[in-house]
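Colleague: I'm new to this one and would like to learn how to read its charged pairs. Could you walk me through them?

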Amino acid sequence: MSTPDSSSQPSLVQQSRDGDVLILTINNPPVNAFSVGVPEGLKAGLDAAAADDSVTAVVIIGGGRTFVAGADIRTFDLPREQSPDLRGTIEKLDAFTKPTVAAIHGTALGGGLELAMGCTYRVAVPGAQVGLPEVKLGVLPGAGGTQRLPRVVGAAKALDMMLSGNPIRATEASQLGLIDRLIDGDLLAGAVEFAREMADARPLPRISERSVPGATPDVFAAARQGIRKTHRGQLSPSLIVDLAEMAAAVPFQEGWDAEATKFMEAKDSPQSRGLRHIFFAERESAKIPGITKDTPTTEIKSAGIIGAGTMGGGIAMNFLNVGIPVTIVETQQEALDRGLSVIRRNYENTAKKGRMSMEDVEARMGLLTPTLDMGDLKDADIIIEAVFENMDVKKDIFTRLDGIAKPGAILASNTSTLDVNEIASVTSRPESVIGLHFFSPANVMKLLEIVRAEKTSDTVLATSMALAKRIKKVGVVVGVCDGFVGNRMVHRYGDEARQIVEEGARPEDVDASMNALGLPMGPFQMSDMAGLDIGYAIRQHQAKVAGQPKPDGWLDRIVETGRKGQKTQGGIYDYDETRRPIPNADMQKLIEDYRAEKGITPREITQEESTKRLAYSLVNEGAKILEEGIAQRAGDIDVIYIYGYGFPAYRGGPMQYASEQGLKNVVADLEKFGQTPAPLLKRLAEEGKTFAQYDAEKGRA
Ligand code: T1G
């Protein structure tokens, strides 16, 4: 007997028999989420089993690729009476008088693991994953997870699993006693055999009747200490610790009831709305209107990287990490050797931390071929240029590449600001040219802006999105404009930050206003890290292109003193050995002298004003980008800011954050601060809509 195929079954829970064992198969593709129809089917199955004396045990299993991947997140905002009754189903399981066996393959996450813990036994294939990831959605395990998991794996492990939200493999879960038997081969057959073995075992082992091992006060104190660092400003982690502590201190029923109340509190919070928004926005961002699964793609079996500097080296590692051979090109042997030694050092550091073996290091370095000859890229399926930002240099490279690369090869530029259409125009195959904008450090940052040029073909676009997933990046499609989406918005954000200082604020206060919003770095901490000379060069370039005089702002003057940020041990701030930013009196004096010279009387600027002006400058530019079609969805912009610019996921990204504030209020504040709201923003505000509603309407259009 094999795992039944879900697609042929009409209802969401199918009942079948194997002798005296009743099998309940959940069929709700793609991930058997606990949607409406699942609890009803399970309850009906349990009633059938209870009413039939020939049934000695019940097996619950998922159809298709997985067990239950959790409650259906799309139902969170349904009125309680319409919500799938997961807690009621688990209460029924807990009181059931015959053995119930959860048979797990794929993932048992959130409500899925809670359902399994409501059963008397759990069996799994070794490769299955189990976990309680609710904290990643700004909620908490709300169907018994906070009360049952500590009773099985102990307080410390349970807290680790619920606060990280990361799953564990069934093999580890078996060692922890969370899984009663690992099944090699046919899961259903193994589960039925196990159920038959346990058919007469009494009393039935109920997790709810156990006590919590290792529930000492220091465990909870350490957890509270930990989340102050790892989950700064977040609501649900502290509720999870409170409930886990209750699990050890009060009767199960009391903890179970408290969990329901705290779950609703977390679910109805802006933080959970923000994190749920990002859960779906990230999956939506991988979908490109007009591109379907039938769009032909090319297979990427080898890659070429031009430039072995910081970006080129980091980009190469992404390919090596997934087993794709890379040929890396430099102009000088010394630069090539330096590039390779940086890559090896990065891997060796990872090995030293025990996160990979030295065999892995050698295996990945073995896939890397250095060369000084661009001709060696003739067989590469994709070639990514990662040299410094100069249009003439890039055009020269693409002209040569056009004569070297094989037909059908993807020619990509890692430019972060330049016009990809102009780069493509020097080739005879502009349809093969695309921008792949990685973020530094490229082997770490998850975001990849996929820059669609005017002539980029659907095949190149679809192949690039699939490749992004393969090298474990979050790919977001953007159009061509100065700075694309992320950098265009951050330039506007930088302009506003400099303006706020000019008007009277201190740089550290401006940074603090964004730290208060949850960003680990404010605009000036970020500029010092990236290098003040980069922003300086862009401002000079933009002024030149616009025929304007050379910019002479207070930050330009700091750069002209030779201070470029962390790389010169000082920029706007000085830095100690821990890279902590320390305000510098001379720089503060430079700013005051600048104001005096410009006849500016400094004024008091509150943190609230600073936060709003900075956040809303991002939102306003984001709205213009949507109007121009440079970004497909407001949700895409949010994904870009969370994975590329450190915007806190629990705020949902700048566009979601603005919607939470009310776009009417955002428009009013922008006008109060002397900024002109984008027409789209004004329209949505007048219509009382959110950016999510804008995306939904556009998606339907
Ligand atoms: N609810 C609704 N839709 C879901 C879903 C869920 N729980 N999980 C996935 N989907 C959709 C997803 O949007 C996508 O849709 C499709 O399924 C495939 O997903 C009381 C309250 C299971 C590891 O947090 O982590 O239980 O884009 O692209 O890469 O305590 O999905 O195709 O239209 O991600 O193979 C807890 C969330 C819920 C797990 C599979 N559970 N899911 O990854 O596929 S809260 C979770 C995942 C809870 C209780 C509480 C992953 C996956 P579309 P996918 P994948």
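Modeller: Happy to. Let's start with Arg 539, which is buried, with a relative accessible area of 14%. Keep in mind that this is a predicted model.

Colleague: Which residue does Arg 539 form a salt bridge with?

Modeller: The general idea is to look for a side-chain nitrogen of Lys or Arg within 4 Å of a carboxyl oxygen of Asp or Glu. Here Arg 539 pairs with Asp 556, and their closest N and O atoms are 2.9 Å apart. The two sit 17 residues apart, with Asp 556 in helix H22 and Arg 539 in helix H21.

Colleague: Is Asp 556 buried or exposed?

Modeller: Buried, at 3% relative accessibility.

Colleague: And what does the pair Lys 395 and Glu 422 tie together?

Modeller: That salt bridge has its closest N and O atoms 2.8 Å apart. Lys 395 is in helix H15 and Glu 422 in helix H16, so the contact ties together parts 27 residues apart in sequence. Lys 395 is partly exposed at 22%, and Glu 422 is partly exposed at 31%.

Colleague: How far apart in helix H24 are Glu 608 and Lys 612?

Modeller: Four residues, or about one helical turn. They form a salt bridge with closest N and O atoms 2.9 Å apart, and Glu 608 is exposed, at 52%.

Colleague: How many salt bridges does the count come to?

Modeller: It comes to 60. Some join up: Arg 492, Glu 496, Glu 503, Arg 603, Glu 609 and Arg 613 form a network.

Conventions: Residues numbered from 1 in each chain as written. Predicted model: local features only at pLDDT ≥ 70, side-chain atom pairs only at ≥ 80, totals over all residues. Heavy atoms only, no water. Buried < 20%, exposed > 50% of the residue type's maximum accessible area, 1.4 Å probe, protein only.
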